[in-house]
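Thanks for passing this one along.

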Amino acid sequence: MINIFATDIEIMKQEAIQSYPRECCGLLLGKIYNFQKQIVKIVPTENDWENQKDLFAQLDDKLTRQCEDSFSINPLTILQIQKQARQDNLDIMGIYHSHPNHDAIPSAFDTKFAWSMYSYIIMSVKEGSVENVRSWILNESRQFVEEDLQIEV
Ligand SMILES: [Zn+2]
């Protein structure tokens with residue numbers, strides 16, 4: 001289970017709408033409280049896909065060519081955010097991104113390059129508005145399974 005504040009969901013949704021028809025992305029910072037993930041801060045990041053897609057193509061050309069669009073967060077950005085998070089006694093708990101004109105279900109590309117332990121919150125954006133928000137996590141077989149997403153008002 002992952003808990004997130006409604007105000008943070010709203011910020012993510014606004015990012016998704018502003019980025020449309022491109023994907024937005026960002027990091028989810030939080031802590032484990034009572035054996036549950038509690039997201040306390042979200043950090044929108046640049047989508048670095050245009051700069052990184054050649055690198056992904058080297059790793060998996062076929063999958064990368066299938067992507068009309070995707071998202072990628074610059075590793076240096078992740079390190080900088082992680083450093084700041086540690087000072088605030090928080091951890092990176094996951095990543096959010098949007099799926100313009102697609103459902104809130106991980107793509108084959110998402111699955112291939114996902115990090116285990118991270119929660120992946122995906123927003124489906126259709127005709128410029130957010131239709132659905134779902135959270136996913138990899139199981140032991142590296143398949144995504146849906147995670148219960150609790151929105152706290
Ligand atoms: Zn995706």
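1. What radius of gyration would a compact globule of 153 residues have, and what does the protein chain have? The rule puts such a globule near 15 Å, and the chain has 15 Å, so the two agree. Please keep in mind that this is a predicted model. Along its principal axes, the C-alpha trace spans about 40 × 35 × 30 Å. Buried residues account for 28% of the 153.

2. On the overall layout, the chain holds five helices and eight strands. Read from the N terminus, the elements follow the order β-α-β-β-α-α-α-β-α-β-β-β-β. Of the contacts between residues at least 6 apart in sequence, 63% join residues at least 24 apart.

3. The sheet deserves a look of its own. Eight strands form an open sheet in the order S7-S6-S5-S4-S2-S3-S1-S8, and the pairing is mixed. At its edges are S7 (144–147) and S8, each pairing on one side only. Ignoring direction, neighbouring strands are turned by 35 degrees against each other on average.

4. Next, the pairing of S2 with S4. These strands run antiparallel and are joined by six bridges. Gly26 has Tyr96 in S4 as its bridge partner. Helix H4 packs on the sheet, where it touches S2, S3 and S4, and its direction makes about 135 degrees with that of S4.

5. S1 and S3 (residues 36–45) run parallel and share two bridges, with Ile2 opposite Lys37. S1 and S8 (residues 149–152) also run parallel, joined by four bridges, and here Ile4 stands opposite Ile151. Side chains in a regular strand alternate between the two faces of the sheet. In S1, Ile2 and Ile4 make up the covered face, while Asn3 and Phe5 are on the uncovered one.

6. Which residues have the most contacts inside the largest nonpolar core? They are Leu28, Ile39, Ile95, Tyr96 and Met123, in a core of 25 residues. The elements giving it two or more residues are S1, H1 (6–19), S2 (25–33), S3, S4 (91–100), S5 (119–126) and S6. S5 provides the largest share, five residues. Leaving aside residues up to four places away in sequence, Ile39 touches Ile2, Asn3, Ile4, Asp8, Leu28, Leu29, Gly30 and Met93.

7. Is Val133 buried or partly exposed? A residue counts as buried if 20 or more other C-beta atoms lie within 10 Å of its own; Val133 has 19, so it is partly exposed. Beyond residues up to four places away in sequence, Val133 touches Ile9, Ala104, Ile121, Met123 and Leu149. Val133 and Ile81 are 52 residues apart in sequence and 24 Å apart in space, C-alpha to C-alpha.

Methods. Residues are numbered from 1 along each chain as its sequence is written. This is a predicted model: local features need pLDDT of at least 70, side-chain atom pairs count only at pLDDT 80 or more; totals for chains, interfaces and linings use all residues. A residue is buried if 20 or more other C-beta atoms lie within 10 Å of its own, exposed if 12 or fewer, and partly exposed in between; C-beta atoms are placed from the backbone. Two strands pair if DSSP finds at least two bridges between them. Two residues are in contact if their C-beta atoms, placed from the backbone, lie within 7 Å. A nonpolar core is a set of buried Ala, Val, Leu, Ile, Met, Phe, Trp, Tyr and Cys residues joined through C-beta atoms within 7 Å. The radius of gyration is taken over C-alpha atoms; the globule rule is 2.2 Å times the number of residues to the power 0.38. Axes are lines fitted to C-alpha atoms, for helices over the stretch in contact, and angles run from 0 to 180 degrees between N-to-C directions.
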